[in-house]
Amino acid sequence: MNKHDLPDIIPVFPLPGALLLPRSRLPLHLFEPRYLAMMDDVLKTDNRLIGMVQSYDAPGHAGRLHRIGCAGRLTAFSETEDGRYMLTLSGMSRFRITEEVEGFSPYRRCHISWDGFGRDLGPTETDENFDREAFLNTLGRFFDDQGLNTDWESLAEAEDELLINSLSMLCPFGPEDRQALLEAPSLTTRRETLVTLIEFALRSGSAEEMMQ
């Protein structure tokens with residue numbers, strides 16, 4: 001799918017803390033009536049796209065959406081006996097919201113632009129300056145600090161993009177930090193942002209221990 005095949009209006013799903021990146025997969029569980037309606041409508045479209053966006057959580061900004069999100073194509077789903085949906089979105093491309101569609105709809109829809117995100121529809125990215133050993137050492141300290149476990153052998157063997165994007169989606173960061181990871185213009189800048197967030201979390205943890 002190229003940029004010219006992508007629609008100008010898509011449904012958006014504001015889910016705090018949920019991050020979808022291009023060429024990555026995000027499992028979702030839909031149960032609210034408005035999003036069940038969204039799912040039914042998406043299944044009727046050719047592109048089956050849903051835009052994942054973060055909403056601001058700052059006081060006075062209730063319901064306001066970040067301008068940049070990532071559209072995912074519905075690639076797998078199953079319906080439970082009580083009418084809920086379990087689905088998987090495959091990240092296609094980031095987008096910029098230009099305005100929200102007015103008029104009645106149980107879920108939100110937005111006019112969007114795909115301009116500026118051409119690399120999302122291209123081949124898998126690589127990180128030419130990636131020091132994997134140093135990165136995994138820092139990650140190991142972070143996982144120990146957070147009490148997290150992982151398959152280190154798989155991480156060591158994963159391709160650059162799969163490794164960096166998967167960790168960006170899975171690490172326990174707040175919504176604004178996840179937005180920064182989403183908006184990183186390249187895989188290298190996303191890795192740099194990820195390392196900055198990890199190192200900040202490690203420093204914060206050390207400061208908290210010293211205060212206790």
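Is Ser55 buried or exposed in this model? Hi everyone, let me start there and then walk you through the rest of the chain. Ser55 has a relative accessibility of 16%, and since buried means under 20%, it counts as buried. Ser55 is placed in the loop between strand 3 and strand 4 (68-79). Setting aside neighbours within four places in sequence, Ser55 is in contact with Pro14, Pro16, Arg64, Leu65 and His66.

Before going on, a word about confidence. This is a predicted model. The chain has a mean pLDDT of 89, with 92% of its residues at 70 or more. Confidence is highest in strand 3 (residues 49-53), at a mean of 97, and lowest in helix 6, at 79. For residues 206-212 the pLDDT is below 50, and beyond near neighbours in sequence that stretch has 1 contact in the model. Where pLDDT is low, the predicted coordinates should not be read in detail.

Now to the strands. Strand 3 and strand 4 run antiparallel and are joined by 4 bridges. Within that pairing, Gly51 stands opposite Ala71 in strand 4. Strand 4 is also joined to strand 5, again antiparallel, by 11 bridges. There you can find Cys70 opposite Arg94 in strand 5. The hairpin of strand 4 and strand 5 has 5 residues between the strands, and in this hairpin Gly83 takes a positive phi near 90 degrees.

Strand 5 (residues 85-100) has a further partner: strand 2 (residues 25-30) runs antiparallel to it, with 6 bridges between them. In that pairing, His29 stands opposite Met86 in strand 5. What are the two faces of strand 2 made of? The covered face has Leu26, Leu28 and Leu30, while the uncovered face has Arg25, Pro27 and His29.

As for Leu30 itself, leaving out neighbours within four places in sequence, its contacts are Phe13, Tyr35, Leu36, Met38, Met39, Arg84, Tyr85 and Leu87. Two of these contacts, Phe13 and Tyr35, bring us to the aromatic rings.

The structure holds 7 aromatic pairs. For Phe13 and Tyr35, the ring centres are 4.4 Å apart and the planes are at 45 degrees, so the pair is tilted. Which parts of the chain does this pair tie together? Phe13 lies in strand 1 (residues 9-14) and Tyr35 in helix 1 (residues 33-42), so the link joins parts that are 22 residues apart in sequence. Phe13 is buried, with a relative accessible area of 6%, and Tyr35 is buried too, at 7% relative accessibility. Elsewhere, Phe142, Phe143, Trp152 and Phe173 form one aromatic cluster.

Next, a helix with a lot of cover. In helix 4 (residues 160-170), 8 of the 11 residues are buried. The buried set is Asp160, Glu161, Leu163, Ile164, Asn165, Leu167, Ser168 and Met169. You will notice that this list includes Asp160 and Glu161 as well as Leu163 and Ile164.

Last, two backbone details for those of you who like torsions. Most residues other than glycine have a negative phi, and most peptide bonds are trans. Arg23, although not a glycine, has a positive phi of about 65 degrees. Arg23 is placed in the loop between strand 1 and strand 2, and at 27% relative accessibility it counts as partly exposed. Arg48 is not a glycine either, and its phi is positive at about 55 degrees. Its place is in the loop between helix 1 and strand 3, and Arg48 counts as partly exposed, at 28% relative accessibility.

Definitions and conventions:
Residues are numbered from 1 along each chain as its sequence is written. This is a predicted model: local features need pLDDT of at least 70, side-chain atom pairs count only at pLDDT 80 or more; totals for chains, interfaces and linings use all residues. Side-chain values use heavy atoms; hydrogens and water are left out. Contact means heavy atoms within 4.5 Å. Rings of Phe, Tyr and Trp (its six-membered ring) pair if their centres lie within 6.5 Å; planes under 30 degrees apart count as stacked, over 60 as edge-to-face and the rest as tilted. Buried means under 20% relative accessible area, exposed over 50%, partly exposed in between (1.4 Å probe, protein chains only). Two strands pair if DSSP finds at least two bridges between them. pLDDT is the predictor's confidence in each residue, from 0 to 100.
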